[in-house]
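Dear colleague,

Please find below the structure that I am handing over to you. My notes on it come after the display.

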Amino acid sequence: MFDLDTWQEILDTIRSNKLRSVLTAFSVAWGIFMLIVLLGSGQGLANGVEYQFRDDAINSIWVFSGQTSTPYKGMKPGRRIQMTNDDHDDIEHGVEGIDHITSRYVINATLQVRYRSETGSFDVRAVHPGHQFVEKTIITEGRFLNDRDIQEYRKVAVLGTKVADALFKGKEPPLEKEIEINGVAFKVVGLFTDVGGENELEKIYLPISTAQRAFGGANRIAQIMMTTGDAALAQTQAMAKDVHQRLADRHTFDVEDPRAVFIRNNYENFQRFIQVTGAIRLFVWVVGFGTILAGVVGVSNIMMIAVRERTREIGVRRALGATPWSVVSLILKESILITSVAGYAGLLLGLVTLQIGASLLPKDGFFINPEVDLGVAIQATVLLIVAGAAAGYFPARRAGRLRPVEALRNE
């Protein structure tokens, strides 16, 4: 394997047939290049899908109120379905499998937030404590809302870090300070950050019970969200169906009405995306393998021509005592060398292309950071060796079977 003379001979053969060697190498390099680019693109698509789910819990169900579109039990279409605290309680205590649950009351007013002389307009969300797990809220100081805040109608607030920076300017710690929201005083009990992006850091969380009282919300809610723990897909679908049926019974609308309420099962959507990306990756492997196979066939044909051209040389070797294996190994080594060097060139070019593409693409779209991990690089390496051996095997076997007398007679 490490005979210097053999490798020197192989290199001399490659140099004496430069055009043939270059074209052979190009076919292999192009196949590996396309495989790496396609695999990296598939990973970029998968990264984009995961990024779209970064903000909300994947194992969550979201319920939005809508408007009826079909008549039902003598009632005309067009009725607005207004969910209430009672709907929240019914779902919380009646639907099995819920891990955390929260509702959200939307304050229909422009809210001015003030601390001393600093003022600003921020998005205020009135929620339950379970909202922290639905939105993946990360507390950096203090705490999030708790059950006692809801039960005792406490006037407390949890601020996004950008809200705290805007109101307090870094001059004093925000915790335990009082801010005013439309003239109503709230004590700051926590600060949070969020993986959802800059906009999520410009929000304020209030206890839903307090906000409903302070801003004329009565018992109205706009959304209900819940996490489903480790429930399987079929279980989450059953839970969503149960929620839909309960709301249909309570608000008297046809459960088949597609616009009365809207239910989004994040876990179902995520699994659907995973299936799509899995199918794309399989397709990429099939296409990439086919491209490499075409290159391997080309290498095999070229090596077959090389064996035919060197028939007399092989006959001389055999006549001088060369074993069939020495002839076979010579052809195999040449084939493996060409495919390995060309393949690694294609591999490196593919990685560089992906790196350039990743630097040019936006970081918040559906296609993010196309890349190939170490495992795939190792697989590509193994594939190169196997491809090189496969490309040279049949020509090498033919060369090893040549009889010296017949080879020497070849013209």
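This is a predicted model: local features need pLDDT of at least 70, side-chain atom pairs count only at pLDDT 80 or more; totals for chains, interfaces and linings use all residues.

Residues are numbered from 1 along each chain as its sequence is written, and side-chain values use heavy atoms, with hydrogens and water left out.

The chain holds 13 helices and 14 strands; these are DSSP runs, numbered from the N terminus (helices: H or I, at least four residues; strands: E, at least two). Of its 411 residues, 44% are buried, that is, under 20% relative accessible area with a 1.4 Å probe, protein chains only.

In helix α6 (residues 161-168), the buried residues are Val-163, Ala-164, Leu-167 and Phe-168. Seen down the axis of α6, they fall within an arc of 100°, so they line one face of the helix; the arc is that of the directions from the helix axis to the C-beta atoms. Lys-169 follows α6 and has a positive phi, near 55°.

Strand β3 (residues 100-105) is mostly covered, with five of its six residues buried. Five bridges join β3 to β13 (residues 223-227), and the two run antiparallel; strands pair if DSSP finds at least two bridges between them. Here Thr-102 stands opposite Met-225 in β13. Two bridges join β3 to β6 (residues 123-127), also antiparallel, and Arg-104 stands opposite Val-127 in β6.

Yours sincerely

Technical notes: Buried means under 20% relative accessible area, exposed over 50%, partly exposed in between (1.4 Å probe, protein chains only).
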